[in-house]
Amino acid sequence: MKNIAVIGAGTMGNGIAHTFAQKGFKVQLIDISQQSLDKGLATITKNLDRMIAKEKISEADKEATLANISTYTNIKEGVEYAGLVVEAATENVDLKLKIFKELSEACPEDTILASNTSSISITQIAAVTNRPEMVIGMHFMNPVPIMKLVEIIRGYNTSDEVTSTIMELSKTLGKIPVEVNDYPGFVANRILMPMINESIETLYNGVAGVSEIDTVMKLGMAHPMGPLQLADFIGLDVCLSILNVMYDGFKNPKYAPCPLLVNMVMAGKLGVKSGEGFYDYSESRKAEIVSKQFV
């Protein structure tokens, strides 16, 4: 399995493409517009340059990584020779189902179909394909080139062989795969998102301010990043989407998004990517925050 197609050139998609390409895989990076692809490649180049500056890779490593990535705006062309497709599109159920229907028709019969979804049911995604036994979740953590964890999510019909293959493949990337079962939010976000939501509720109720809440969690609980800053980094729209998936899946009020989170997303205050969330991010501040993730 040397040809890997990645759907989506955004934050997660370009990170996944970067990671595979750096390990010597041929990567077909696919997005709907060349502009998105160019932006994704620019991000990969900047991140490789940071790694060079920190003496983690050489200039030759950077050039080899970039040479391993080709770009496509047409799914059928991009997946023609793929042994694995990793979908990393927006966390939207309808969009993912549409993509997997298309992949099911366009990919070779032996291609494994993986989703980087952080909360949506793998079983539901697999049900729209002609190969549910070959559909699996690969939930990478952001920033992908640095974070070691990959949640491997088995759908109801995912085969043992496919699960074993993806577990071993994750290890070749230098990651630590953890197999989990297919329930809303899986493990990472089922635990993380209620904590973030409760932190937002704490702010909403006037218990403490943004920096005070984050400081308590960093100094008192040894978290490397406070929950409100982490929410900004993840994207408040993504946090809201995940909470809605869990609320719909469990019908439990503890997963209901805080009204403050809902209002901030409606107002376009999405965190780092929009320039404002719980913190204010100028371009220079945004660059500083992103660069620290690659220390």
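Start by selecting residues 3-7 and 26-30: these are strands β1 and β2, which run parallel and are joined by five bridges. Strands here are DSSP runs of E, at least two residues long, and helices are runs of H or I, at least four residues long, numbered from the N terminus. Two strands pair if DSSP finds at least two bridges between them. Click on Ala-5 and look across to β2, where its bridge partner is Gln-28.

A quick note: this is a predicted model, where local features need pLDDT of at least 70, side-chain atom pairs count only at pLDDT 80 or more, and totals for chains, interfaces and linings use all residues. Residues are numbered from 1 along each chain as its sequence is written, and side-chain values use heavy atoms, leaving out hydrogens and water.

Now show the whole open sheet: eight strands in the order β3-β2-β1-β4-β5-β6-β7-β8, with mixed pairing. At the edges sit β3 (69-72) and β8 (176-181), each pairing on one side only.

Next, select 160-172. That's helix α7, lying across β4, β5, β6, β7 and β8.

Hop to the loop between β6 and β7 to find Pro-143. A cis peptide bond joins Asn-142 to Pro-143, with omega about 0°.

Glu-55 is exposed, at 73% relative accessible area (exposed means over 50%, buried under 20%, partly exposed in between, using a 1.4 Å probe and protein chains only).

Methods:
Contact means heavy atoms within 4.5 Å. Axes are lines fitted to C-alpha atoms, for helices over the stretch in contact, and angles run from 0 to 180 degrees between N-to-C directions.
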